[in-house]
Amino acid sequence: MTEIIEKHMTEKQHPMASPAYQQWRLLKDKLAAYGVRGGGLGVIVAIVLIFFYLLYVVYPLFVTPSAEPVKTYSVPALESGKTVFLSMEEQNEIGARFTDTGHIVFFRIADGQPIKEDVIPLAENQIITSFNHGRLDKGVFAYGLSDGSVIVVKTYYKVTYPNDVRLITPEIQFPLGKQPIQLDSEANPLTRLTLRLGEDESTIIAATADGRLMMSRFMREESLFSDEGSFERTNTALDIDASQIAFMLLDKEQRDLYLANRNGDMRVFDLSNKEAARLIDKQQVVNEGEISAMEFLNGELSVLMGDTKGLLSQWSLVRDEHNHRSFELIRSFKVSDHPIIQISPEQRRKGVMVADDSGVIAIYHTTAERELIKRTLPTAASMLSLSPRANAFVAQTIDGKIRFWHVDNEHPEVSWKSIWGKVWYESYPKPEYIWQSSSSSNDFEPKYSLTPLLFGTLKAAFYAMLLAVPLALMGAAYTAYFMAPEMRKLVKPTVEIMEALPTVILGFLAGLWLAPFVELHLLFIFSIFIIVPLAVLGFSWCWQYLPKTLRQSIPAGWEAAILVPVIILATWFAFLISPVFESWFFDGDIKMWMNTNFGIGYDQRNALVVGIAMGFAVIPTIFSIAEDAIFSVPKHLTVGSLALGATPWQTMIRVVLLTASPGIFSAVMIGLGRAVGETMIVLMATGNTPVMDLSIFQGMRTLAANIAVEMPEAELDSTHYRVLFLAALVLFVFTFVFNTLAELVRQNLRNKYSSL
């Protein structure tokens, strides 16, 4: 009975000793353990899901393109003449066959069934002697006739929806009139022809059978009573020998004329002066064999040439440092060992389809420098037409068949070289790393190099860490080891609360206030890093010579407080003296002085501004973690070191920092991760220009900022959209790999110094 009473009294006095409480405590411990474990696993699962979702979106970029045959049938309306050109409308429902007799046969792509046949109005004595297409996306074609005249035709596909079913009706139009245009007054047959039709100006150039080159320009005259207006025509005989011309191309600006013979002699003329053509450059574009085909690449800034050795080459006019244009080889592709007989460029991208005389057909993307598809037809193709959407093609083979193929080629612009390597883009003087994902032009050449974005990410992180790491680590070491506890209670929370500041506010202040201030007081910013440290060192030197009673009046650990006014006064002095030094040594403007003497430009929103603003954002993270690591070093280590005769600084450097090195390293890595992934500060405080320049006075664009800027404007599932996800995947993998290596280093440091 006594034992029961004592037990009851014990439980009453000490309820935590009761079995029920112990069981409840064990249950809570288990629940907490499961909760922590579940939370950790949840984080891992979330990260893995994010990784696989990024892969899911990015994967289509690297799917191998394919081409599959759909239908083969006889050439429709073969009796209407020999095919001189094939075309398709963008829905891949109707094709058009242009013949050497002036017939235009429209047929169904699916089965070859003729739909409609139009005939060019020709006189009895007129014979078609040449044919040429204008821009394929405009559907403009021209026939050169035996009497020196030209007739221009435009195909038009009218789309209607009777009974909610799409109906495409082909039509032909005559934009310059139904009557043939007399180009050569001497009525010689036109053997070669090229033309370009514009809204206000059109140009036709033709070579005559006797070796002359004739040009006609048509300028639209607005009418007060009609929307159509009329044309004012001017004729010019160009002083160019056309007897050997085999290929002629006129660009869409109606300025540059490309003339080539089969031996590979290429001449480029500037037609800006309507009265006379000026020779820009002359090149031998084929070293072996002859030119067998020539077409413009989409955009008409580059010329594609195929030769009898099976080589497809891309040439373009390139400006040098003196603004002179020269015809340069950009890149080439080896198709086969047989002559290339057909070139069909894409109408909306920088792709091209070619065919040789052995039946090989191949699709390439010029910017990506990538062979996408290569197939072999049963017989060689005499005519080839790629769909406007590049998702199908028709080929007329020498056995009298039309072969319709489906093409799956959604993202040809992406390759290892276009993402990470230097690419020679059109209108650029040399290969470069460029990110430029969009433009107002339909024939724009996308530039998807992630190299300048990765460079900008590392550059921004480097300058931010350059400022943040020394200040944060030195402040953490002093606060944790030397500072008085009462002062530490004020300083540590104050620094840590800085981390709660929204980065969008920091970016806003950096872009609108800090950037203009730094531009106006650049020398002051640099003088701070010299004058303030010298002032602190000078004050410290003077401090040791002050009376002992005065020095001892400052409590131990509060010495840093008296440095605050010193730093403020030194900063104020630097602000006052910097304009004087700028006037004495830098002609009153240090930015102009740097540009004049060293060619260093200055952009208002630059890496210096980003380094200051982002360093300010990263300091609290590094400081808090490093300070906790240093403060957590066991006291017996420091006391033992001091007891053995080491000074406080020796103890700090040789004992405390080594013991806390895993935590300090973790602080730096977490700060670096914060800097690498920062978005709003670099978005608002830089010029946001994807340039690769090491200068601290130039801006940059980071991966994170680029995603934030362009993702809202990217078309869903487009190449641009998926490349942005690829940028996110690169950032994810980079952070993961870097943090993994950092963790390995941290564990190594922990094992090495855990025995202290």
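Is Phe 218 buried or exposed? Phe 218 is buried, with a relative accessible area of 5%. Buried means under 20% relative accessible area, exposed means over 50%, and partly exposed lies in between, using a 1.4 Å probe and protein chains only.

A word on the model comes next. It is predicted: local features need pLDDT of at least 70, side-chain atom pairs count only at pLDDT 80 or more, and totals for chains, interfaces and linings use all residues. Residues are numbered from 1 along each chain as its sequence is written, and side-chain values use heavy atoms, with hydrogens and water left out.

Start with the whole protein. It has 17 helices and 31 strands. These are DSSP runs numbered from the N terminus, with helices (H or I) of at least four residues and strands (E) of at least two. The radius of gyration is 38 Å, well over the 27 Å that the globule rule gives for 756 residues, so the protein is more spread out than a compact globule. That radius is taken over C-alpha atoms, and the rule is 2.2 Å times the number of residues to the power 0.38. Along the principal axes, the C-alpha atoms fill a box of roughly 130 × 90 × 60 Å.

Now the surface and the charges. The accessible surface comes to about 38300 Å², and 60% of it belongs to carbon and sulfur atoms. Such areas come from the Shrake-Rupley method with a 1.4 Å probe; for residues, only the protein chains shown count as cover. Of the 756 residues, 46% count as buried. The protein has 64 positive and 78 negative side chains. Lys and Arg count as positive, Asp and Glu as negative; His and the chain ends are not counted. The centres of the two sets lie 9 Å apart. Each charge is placed at NZ of Lys, CZ of Arg, CG of Asp or CD of Glu.

Contacts come next. Contact means heavy atoms within 4.5 Å. Among contacts between residues at least 6 apart in sequence, 57% join residues at least 24 apart.

Return to Phe 218. It lies in strand E13 (residues 213-221). Phe 218 and Asp 118 are 100 residues apart in sequence and 26 Å apart in space, C-alpha to C-alpha.

Go on to Leu 304, in strand E20 (residues 302-307). Leu 304 is buried, with a relative accessible area of 1%. Among the residues it touches, beyond four places away in sequence, are Phe 296, Leu 312, Ile 343, Val 352 and Thr 366. Leu 304 and Thr 366 are 62 residues apart in sequence, and their C-alpha atoms are 9.9 Å apart.

Thr 366 also touches Phe 333. Phe 333 sits in strand E22 (residues 325-334) and is buried at 9% relative accessible area. Leu 312, Tyr 364 and Glu 369 are among its other contacts, not counting residues up to four places away in sequence. Glu 369 belongs to the loop between strand E25 (360-365) and strand E26 (370-376). Its phi is near 50°, a positive value in a residue other than glycine. Glu 369 is partly exposed, with a relative accessible area of 30%.

Ala 187 has a positive phi too, near 60°. Look for Ala 187 in the loop between strand E10 (181-182) and strand E11 (190-197). It is partly exposed, with a relative accessible area of 40%.

Leu 450 touches Trp 420, Trp 435 and Leu 726, among others, not counting residues up to four places away in sequence.

Leu 522 is also one of the residues that Lys 591 touches. Lys 591 lies in helix H10 (residues 590-598). At 19% relative accessibility, Lys 591 counts as buried.
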